[in-house]
Amino acid sequence: MTERLCHWPKDDSDITARGFPSEAYKHLYQRWGEGDIGVIVAGNLMIRYDAVEAFGNPILCDNHDNRVDAFRKVADVAKAHGSLFIAQLSHPGRQGSATLNPNPVSASDVQLKITWAGNWFAKPRALTVPEIKEMVQWWGEAARLCYEAGFDGVQIHCAHGYLLAQFLSMTTNKRTDEYGGSFENRCRIIFEIIDEVKRVVPDRKFIICVKLNSVEFQPGGQTPEDCRDLCLRLEEAGIDFLDLSGGTFEGRAFEHKKASTKAREAYFIEFAEAIRPMLKKTVLYVTGGFRTASGMASAIRSGACDGIGLGRPLGAEPYLCKEILEGRVSGAIENFIPLPKNTQATGSQLHQIGLGDRLISDWSDEEEVKRWLDKDKMEEERKVAILPKVDSSGYARIKAKSGFEYVRATA
């Protein structure tokens with residue numbers, strides 16, 4: 001997920017001060033570490049100061065301010081009760097808000113022309129081949145620093161429309177060089193990153209895994225056949241486990257698209273069933289949709305997958321896994337906040353856990369849901385003070401009463 005709990009400079013004049021672990025960030029992982037979660041994958045750890053998904057993202061790309069030690073403290077509390085702790089290395093590409101990413105890069109110059117949680121997105125430029133090579137090195141350096149900080153491994157984030165997914169998908173990759181066109185070319189950067197991580201962290205106990213879209217839910221996007229072929233090639237490359245998910249900001253996947261998957265809870269369970277018999281060594285996890293212990297157990301017993309990924313339920317109940325294993329509960333509580341606000345509301349819960357609040361908002365309480373939605377609407381209305389100047393790229397600068405600047409597309 002995305003916690004957005006790390007330190008951020010108020011005026012953002014020094015971007016190298018972004019993303020330093022806070023006590024709230026550490027406290028969140030301390031609580032999850034107490035919850036008997038087998039593998040904790042930390043959310044969206046960014047590999048660059050100038051390419052971020054949101055305010056408050058953790059960033060680990062150098063150690064100029066001893067942030068490796070700060071991340072080591074987080075790793076220590078996350079692992080204190082036996083969990084493995086893995087960093088999800090991520091780069092937003094075109095999918096970072098224009099406020100924080102005014103000059104984004106991507107596989108090609110295809111702009112994301114939607115709004116998401118009040119954010120707008122600037123038009124990216126295509127990375128040059130030398131820049132792609134440098135990008136591969138950044139991923140490797142972030143992995144090396146994670147190793148020094150005590151993480152048990154890294155997850156290479158190739159899902160949900162972020163940079164590596166932009167290379168994979170023909171909707172966002174219009175390149176004609178060795179990084180575009182054929183499937184082999186579009187996934188080239190991923191295998192170069194895996195090789196670089198292995199080179200800079202030769203310890204074979206260091207886990208390398210990949211989060212991958214099984215489907216994008218949009219025309220021309222990555223197909224299930226592409227994902228199948230990529231899974232097989234990733235096994236050949238020697239990754240330890242795959243985490244199947246799906247969707248992008250444009251084609252959202254955090255809901256059931258088919259009655260057959262709704263009956264079995266998981267959004268991507270049918271694809272997992274098709275791919276798992278082809279995998280000989282790679283462990284397969286499925287994330288998205290699981291809510292009951294019986295649904296999770298059924299997916300494992302049927303052989304559809306080897307493990308279960310949980311996201312939003314652990315925002316509402318950080319000890320959910322522990323309580324299921326102890327037989328105290330049979331599943332997660334309901335979440336009645338509608339999509340796409342549903343994921344944003346989980347962010348509120350993560351902040352509550354991190355700040356040590358005694359009570360976590362209950363989205364199964366319809367009155368509590370109404371209060372949150374009303375408050376969220378008020379916050380959105382604070383972002384409507386539009387300044388009259390429109391620059392040549394067709395963007396209007398707007399400034400909210402909160403003091404933050406936003407960018408809205410006008411065409």
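User: Which helix is Ala-143 found in?

Analyst: Ala-143 is found in helix α3. Helices here are DSSP runs of H or I with at least four residues, strands are runs of E with at least two, and both are numbered from the N terminus. This is a predicted model, where local features need pLDDT of at least 70 and side-chain atom pairs count only at pLDDT 80 or more, while totals for chains, interfaces and linings use all residues. Residues are numbered from 1 along each chain as its sequence is written, and side-chain values use heavy atoms, with hydrogens and water left out.

User: Ok, is Ala-143 buried or exposed?

Analyst: Ala-143 is buried, because its relative accessible area is 0%. Buried means under 20% relative accessible area, exposed means over 50%, and partly exposed is in between (1.4 Å probe, protein chains only).

User: What does Ala-143 touch?

Analyst: Leaving out residues up to four places away in sequence, Ala-143 touches Leu-89, Val-154, Val-197, Val-201 and Phe-206. Contact means heavy atoms within 4.5 Å. Also, Ile-47 sits 96 residues from Ala-143 along the chain, with 9.1 Å between their C-alpha atoms.

User: How do α1 and α2 pack?

Analyst: Their axes are 7 Å apart, at an angle of about 20 degrees. That makes α1 roughly parallel to α2. Axes are lines fitted to C-alpha atoms, for helices over the stretch in contact, and angles run from 0 to 180 degrees between N-to-C directions. Angles under 35 degrees count as roughly parallel, over 145 as roughly antiparallel, 65 to 115 as roughly perpendicular and the rest as oblique.

User: Which residues meet there?

Analyst: From α1 you've got Tyr-25, Lys-26, Tyr-29, Gln-30 and Gly-33, and they meet Phe-71, Lys-73, Val-74, Val-77 and Ala-78 in α2.

User: What else does α2 pack against?

Analyst: Besides α1 (23–33), the buried residues of α2 pack against β1 (39–46), β2 (84–90) and α3 (129–148). Those buried residues include Arg-67, Val-68, Ala-70 and Phe-71.

User: New topic: where do α6 and α7 meet?

Analyst: Ile-190, Phe-191 and Ile-194 in α6 meet Leu-230, Arg-233 and Leu-234 in α7. The axes of α6 (residues 188–200) and α7 (residues 224–236) come within 11 Å and cross at roughly 20 degrees. So α6 and α7 are roughly parallel to each other.

User: Last one: how many helices and strands does the protein chain have?

Analyst: The protein chain has 14 helices and 12 strands. Of its 411 residues, 52% count as buried.
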